[in-house]
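Student: Could you walk me through reading a structure like this one, taking the sheets and then the chain contacts?
Tutor: Gladly; let us look at it together.

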Amino acid sequence: MVTVEFANSLQRHKPCPPQQVSSGSLAQVLNAAFTAEPSLRHYVLDDQGHIRKHVAVFIDSQIHLPRDAMAQPVRDGCKVLVIQSLTGG
Amino acid sequence: MQSLLVSTRKGLFELLAHSAGAWTIAAHHFPGEPVSQTFTDALTGHWFAALRLGHFGVKLYRSTDRGKSWQEMACPALPPQPTQGFWADDPTPWSVEMIWSFAATGPAHQRRLWAGTMPAAVFYSDDGGQSWTLCDSFWRDEKRKQWMGGGNDYPGLHTLLVNPVDESHLTAAISCGGIWESRDAGCSWQSIGQGFKADFVPPELISEPNVQDPHRVSRCTAQPAVMWTQLHFGLYRSEDHGQHWQQLQGHPEIGDFGFPILADPVNPERGWVVPAQSDTHRYAPGARMCVARTDDAGKTWQVFRSGLPQQSYDLIYRHGLTLSADGQALAIASTTGNLWLSSDAGQQWHQISQHLPPINAVMFAAN
């Protein structure tokens, strides 16, 4: 399983407690994490389904780039952390 | 009681008039969040607020109780960008970054809400903002690749006007993509506007309608063929729904640069501008705030300064000048957080606030 966590700044807008979801591509992992609160998707991803310009996604301790590489595999035991980039402040 | 909605970098402020000249902040909606535009629909009574969150993108809220509560609605969104063909290398992102303009058409029970966005696109909703449809022919018009950003990274559609005599006739203004109109309720769109002179493009393109930068367009409600625009360089007026434009001479003291322009809803010869000192400075001309009004279709202008600071570096954005529905009150709001009102058609001004966040837009709520 993969753990997905969202920063407090996002929880201010939407309920998004930490979740355990099945491994898969980054797109599949995030989509699974949006299931409980589908409107969360538009906060994290843009209209093209890519990571927003001022959102940072870490897989374990590594920031995930480029933003449109949503096919990146996320293995069991990994942690995905979704936080705001300081660039958007 | 009249409400004034002030969209700022740090939330939506609602001010109420308790008596003549006595306005107070009654509510601060979405504190801390950038609000790009608001809209109040006189027919349904619904209010809309468009947010542009720094990290999490554009968001849309609706209130059915005049701001007492807000519900998040769906946002207009662009379709998947083609990976082949004409649009595969489109430098403009296929993702809505800001809602910049609203309009509404139709009877209350079949109300259609319109939204103009950055990147420049037109959307409509027939369910009060729960879902949106893109005007696809407009978005995929190949002339769009000639557009440029104006003060923003991408072209933006900041003005949507409805012809009150024929609501299937819509006019849109884009910085920088000129003026477009639809005569069939958004099904097809045409670039219009003869007579402009853009000084920021190669000489052979100076009069090309599709490259112009209309900072704002305003229409006279009583005579909707009469329209005014503050172009990037120059003031213009049209008497045929924007097909042809005549350049106006600005007042020599203040020039003809600025962002907002406002048509009087009744008198087709009256209009207001809030000038700025050229595009190299972008604050009040000579650092002295003023509002200019013409009562003779732009032949001459009166410059009003009473009540406005004469050492000031305020800039009034394109949505920072507004008129109440009864035509009695004018408001201007600045990037420096200043807000002024006039109750005599712009001659005398009263400062309402001087400590607001940078102001994107101001409007009187429809009653």
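Student: How many bridges join strand E1 of chain B to strand E2 of chain B, and do they run parallel or antiparallel?

Tutor: One general idea to begin with: strands of a sheet pair through backbone hydrogen bonds, either parallel or antiparallel. Keep in mind that this model is predicted. Here strand E1 (residues 3-8) and strand E2 (residues 11-19) of chain B run antiparallel, and six bridges join them. To find a spot on the pairing, look at Leu5(B), which has Glu14(B) of E2(B) opposite.

Student: What is the strand order of the open sheet that holds this pair?

Tutor: The order is E3-E2-E1-E28 in chain B, four strands with antiparallel pairing. Strand E3 (22-29) and strand E28 (359-364) of chain B each have a single partner strand, so one side of each lacks a neighbour in the sheet. Ignoring direction, neighbouring strands here are turned by 25° against each other on average.

Student: Now the interface. How much area is buried between chain A and chain B?

Tutor: The size of an interface is often given as the accessible area lost when the parts come together. For chain A and chain B the buried area is about 1,500 Å², with carbon and sulfur atoms giving 46% of it. On the chain A side, Tyr43(A), Asp47(A) and Gln48(A) lose the most area to chain B, together 38% of what that side buries. By residues, 18 of chain A are in contact with 23 of chain B.

Student: How many salt bridges cross the interface of chain A and chain B?

Tutor: The rule finds two. One of them links Lys14(A) and Glu72(B), whose closest N and O atoms are 2.8 Å apart. The count of residue pairs in polar contact between the chains is 12, both residues being at pLDDT 80 or more.

Student: Which elements of chain A give two or more residues to the side that touches chain B?

Tutor: Those are helix H1 (8-11) and helix H3 (41-44) of chain A. By class, the chain A side that touches chain B has three nonpolar, nine polar and six charged residues.

How values were computed:
Residues are numbered from 1 along each chain as its sequence is written. Chains are lettered from A and ligands numbered from 1 in the order in which they are written. This is a predicted model: local features need pLDDT of at least 70, side-chain atom pairs count only at pLDDT 80 or more; totals for chains, interfaces and linings use all residues. Side-chain values use heavy atoms; hydrogens and water are left out. Contact means heavy atoms within 4.5 Å. Buried area is the accessible area (1.4 Å probe) that two parts lose on being put together, summed over both. A salt bridge is a side-chain nitrogen of Lys or Arg within 4 Å of a carboxyl oxygen of Asp or Glu. A polar contact is a pair of N or O atoms within 3.5 Å; within protein, one must be able to donate a hydrogen and the other to accept it, and residues adjacent in sequence count only if both atoms are side-chain atoms. Ala, Val, Leu, Ile, Met, Phe, Trp, Tyr, Cys and Pro count as nonpolar, Asp, Glu, Lys and Arg as charged, and the others, Gly among them, as polar. Two strands pair if DSSP finds at least two bridges between them. Axes are lines fitted to C-alpha atoms, for helices over the stretch in contact, and angles run from 0 to 180 degrees between N-to-C directions.
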